[in-house]
Amino acid sequence: MNLSKISCALFNALKSFYTKYLGKFINPIYAKYLQKYVDYIYLNHLKYNKYFEETVFLLKSAPGYIGGIYTKVASAFKSKTSPKQRKWLALAIIVWICVKVGFAGFDYWNEVSQPKTELGPNDSLIITPEQVQQVTPGPVIERDFSQDSSAVGIVDFNQDQTVPVFGPYQGRIGKVLVQAGEDVKVGQALYTVLSPDLAQAASTLVSSAGVLKMSNETLKRAKSLYDTKAISLKELEQNISDQQTADANYQAALKTIVLFGLTDAQIKQILAGRKIDNETIVVSPVAGKVVARNAAPGQLVQPGTAPAPVTVSDTTRLWMVASVPEGEIARYRVGQTLYVRVQAYPDKTYSGKVFFVGESSDPVTHRIQLRANLTDDNHELRPQMIADFNVVLGDPILSPAVPAKALVREADGTFVVWATNSDKSTQYFKRVVKVGLMQADYVQILDGIKPGDIVAQSNALFLSNLFINLH
């Protein structure tokens, strides 16, 4: 005989009897729990049959004395049974059924007595105390959300303080007096240019100065002679005209040589010593740093022909240049504060002011250029560095806020949080909220909950998944 088959038949009969007769005469409240218990026993007694069959298999396979006993018992039941043996068989079946019912009841009690996740009224979710610890309930707080806009740009030279220094006339470079990266002052010599035009201008200045001196002396004598009626008025007027022409030629020559960058002392030295030199000194028009040096002795240079022999820029005052989408241009204006960060110094923030908003949009990218002044007294920033910047668009806004982990984005695009009545409660309610800005891992809540409400601060997605699975 097979105890498992016999017990299965009896349990089928019990379930059928309960369904047809017993369930009709029991109070519906108790019938609900009894039905669960009967179903639980029916679904789980096969598990205990498996345990029984595994035990029989172990006894059958056991060597020695135990195996011999099993063999004798099994052979006795396989032969024609006597009334006494049938009584023992019936007793064994009853004991086995009682054992299964007892174990099933014990398992059922453990299951129903333990807290479990289930749906509550009003589409709420009831979770276990252990699950409450995973979601960490806490109050909705208020915090300031700054109104800013983020974008990517580059650090660039301040074009208003960056000067490519060319020589005034064509020539060859004689000496290079500075190195790349060197700090220079206003008026400091950068390089010299050997120019025949300078020699010609110096020669013209010296000759015109001599003619002017002679014309002045001649006019002085003519005035004396005219006073004594030794010469006519016509001759005096001719001398005055000659002196004025010589003076005009001298002033023109003087202005021409000034264009070569010579100082008053150098010009006086040329006039005093009658020294004509073709080497002109090119000086820096601004204070700053030599950011580019392309000059080399003997190199032919010409004004306005790139690259400039030397470029000087004030690197303590740089620009932030960025392009923003044309759809966002209404948010930017001149005078807004700007904060910049670069990868080289992630813990530092540099500030500036927007001074230029582009008047036209790029026809290809449809972006508009912004420029802002930056201050870098420590010379840490380098032009062409990629930088992240935030532009402050307005005063901070005080709003309700929750951690980003407290939000769940639903399939329809809405955002929800899970609210509860207290920190100890195991019942959570789904609340649809309207979100705004996100800063420092906190999300601005515009509608749906208010400060002080208790919500799940983390693992909100875990609650949503439980809710969906239970549905």
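Reader: Where does asparagine 459 lie?
Author: Asparagine 459 lies in the loop between β22 (454-456) and α9 (460-470), with helices (H or I, at least four residues) and strands (E, at least two) taken as DSSP runs numbered from the N terminus. This is a predicted model, in which local features need pLDDT of at least 70, side-chain atom pairs count only at pLDDT 80 or more, and totals for chains, interfaces and linings use all residues. Residues are numbered from 1 along each chain as its sequence is written, and side-chain values use heavy atoms, leaving out hydrogens and water.

Reader: What is the phi of asparagine 459?
Author: Asparagine 459 is not a glycine, yet its phi is positive, about 55 degrees.

Reader: Switching topic, which residues meet where α7 and α8 are in contact?
Author: Tyr250, Leu254, Ile257 and Val258 in α7 meet Ile267, Ile270 and Leu271 in α8, where contact means heavy atoms within 4.5 Å.

Reader: And at what angle do the axes of α7 and α8 cross?
Author: The axes of α7 (residues 233-258) and α8 (residues 264-273) cross at roughly 130 degrees and come within 11 Å; axes are lines fitted to C-alpha atoms over the stretch in contact, and angles run from 0 to 180 degrees between N-to-C directions. The two helices are therefore oblique to each other, given that angles under 35 degrees count as roughly parallel, over 145 as roughly antiparallel, 65 to 115 as roughly perpendicular and the rest as oblique.
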